[in-house]
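Reader: I am new to this structure. Please show me how to read some of its features.

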Amino acid sequence: MSKIVWQIRRPSRGIPRPAAPNLRGMSRAELGDWLTRELGAPRFRADQVFGWLHLRRVDSFDAMTNLSKHERAALSERASLERLGVDTILRARDGTRKLRLRTVDGHAIESVLIPNDERGLTQCISSQVGCALDCRFCATASLGFTRNLDTWEIVEQVTRARVLLAEEAARDGAKWTPRITNVVYMGMGEPLHNYNQVRRSIEILTDDAGDAIAGRRITVSTSGLVPAIERFASEGLGLEVGLAVSLNATTDPVRDQVMPINQRWDIATLLAAVRNVPTSRRRRVTFEYVLLRDVNDTDADARRLVSLVREFRCHVNVIPFNPHPHAPYQRPSDRRTQAFVAILRDAGVQCWLRTPRGDDIQAACGQLAAEG
Ligand code: SAH
């Protein structure tokens with residue numbers, strides 16, 4: 001019997017709450033309120049502190065040289081700038097890098113940087129330590145759920161990556177540091193299960209005074225948490241930020257088996273929620289489809305997939321299964337994969353075939369499972 005996935009824990013449960021708030025997890029508006037309340041500081045201090053954290057990426061209050069001595073001392077007493085530790089950085093032959101980061105309470109999380117067509121990098125970030133959903137093909141699922149990541153821990157993955165890229169460029173004598181142009185919430189965890197923290201991290205990452213990542217270059221991926229998709233749609237988060245839905249099967253019996261969350265919200269219910277997500281000519285919804293040999297990869301599956309998605313302005317991301325020791329599945333042959341994709345394309349469905357990136361460093365899609 002599968003785990004009862006819909007008894008969802010409260011979003012903030014388990015996040016360590018330090019005595020002093022971490023300023024890295026505050027939006028500029030929140031920072032303004034906090035600085036005014038705690039220090040009686042003028043509002044523009046928020047812009048300065050935000051810039052120190054998200055443009056200059058400093059690690060101490062002492063480095064914030066345009067603040068008064070008194071303010072810096074008060075900040076070090078009342079606020080924290082804790083950061084994620086860096087355990088390892090692995091670089092794959094294709095330029096993909098995997099970062100293994102460590103939380104203050106000792107948990108490992110992973111994040112991947114993938115070179116993209118725009119000569120920048122797409123960063124795949126984690127939203128939870130482990131995951132509470134039980135998708136049978138997923139490496140993270142095998143870890144179980146430990147806790148949600150706090151807002152600052154989500155943002156820090158990007159900050160740390162930027163610091164590391166700058167260090168790498170300086171070491172290699174490169175003329176420029178590669179830019180992180182896109183962010184996808186497709187690492188460890190179910191982002192919509194940690195909705196508030198994810199939403200706040202997006203607010204920080206898109207701020208022009210900081211990382212300034214365009215909302216349309218951010219994608220949140222979900223296994224199909226219907227109430228959270230409804231919230232995403234109604235709050236207008238989906239106006240800018242993209243949604244990716246991991247469909248992964250075309251019939252309820254198969255989806256029930258590979259993604260037990262389907263036993264709570266079946267395909268029809270899921271698609272009904274996706275119908276309310278705003279789309280436009282530029283902004284489409286993405287359906288992800290992990291191809292599992294002899295499970296969901298037949299011509300009939302491809303045809304059913306066409307009929308399920310054809311009403312949407314969408315892309316379909318076909319991802320041949322990336323094997324790992326925790327799942328009993330296999331990747332279909334290249335021929336089968338091509339035949340599957342051809343049926344979608346012939347039917348006019350916009351479709352990308354995801355070739356594994358960074359698979360020599362276990363950074364390929366769905367391989368993130370940081371134990372220890
Ligand atoms: N929980 C979210 C985001 C993390 S998974 C979600 O389910 O969407 C990100 C994507 O990786 C999902 O589409 C998932 O179906 C896919 N995935 C997971 N394990 C995989 C594997 N072993 N091989 C290929 N894709 C995988």
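Predicted model: local features only at pLDDT ≥ 70, side-chain atom pairs only at ≥ 80, totals over all residues.

Reader: Which domains does the domain assignment give?

Author: The assignment gives domain 1, residues 26-78, and domain 2, residues 94-361. Their C-alpha centres lie 34 Å apart.

Reader: How many residues of domain 1 are in contact with domain 2?

Author: Eleven residues of domain 1 are in contact with twelve of domain 2. About 1000 Å² is buried between domain 1 and domain 2, and carbon and sulfur atoms give 51% of that area. On the side of domain 1, Phe 50, His 54 and Arg 57 supply 48% of the area it buries against domain 2, more than any other three residues.

Reader: How is a pocket found?

Author: Rolling a probe the size of a water molecule over the atoms shows where empty space is left. In this model, the second largest pocket holds about 210 Å³ of space. It is lined by 13 residues, and those closest to its centre are Arg 17, Pro 21, Asn 22, Asp 150 and Trp 152. Helix H4 (151-172) and helix H5 (195-205) each supply at least two residues of the lining.

Reader: Which classes of residue make up the lining of the second largest pocket?

Author: Six of the lining residues are nonpolar, four are polar and three are charged.

Reader: Is Thr 219 buried or exposed?

Author: Thr 219 counts as buried because its relative accessibility is 15%, and buried means under 20%. Thr 219 is in strand S8, residues 218-222. Leaving out residues up to four places away in sequence, Thr 219 touches Val 183, Val 184, Tyr 185, Met 186, Gly 242, Leu 243 and Ala 244.

Notes. Residues numbered from 1 in each chain as written. Heavy atoms only, no water. 1 Å grid on protein atoms, 1.4 Å probe; cavity = no way out; pocket = protein on both sides within 12 Å on 5 of 7 lines; lining within 4 Å. Points joined across faces, edges and corners; volume = space filled by probe spheres on them. Helix = DSSP H or I, 4+ residues; strand = E, 2+ residues; numbered from the N terminus. Nonpolar A, V, L, I, M, F, W, Y, C, P; charged D, E, K, R; others polar. Buried < 20%, exposed > 50% of the residue type's maximum accessible area, 1.4 Å probe, protein only. Contact = heavy atoms within 4.5 Å. Domains from an automatic or database assignment. Buried area = accessible area lost by both parts, 1.4 Å probe.
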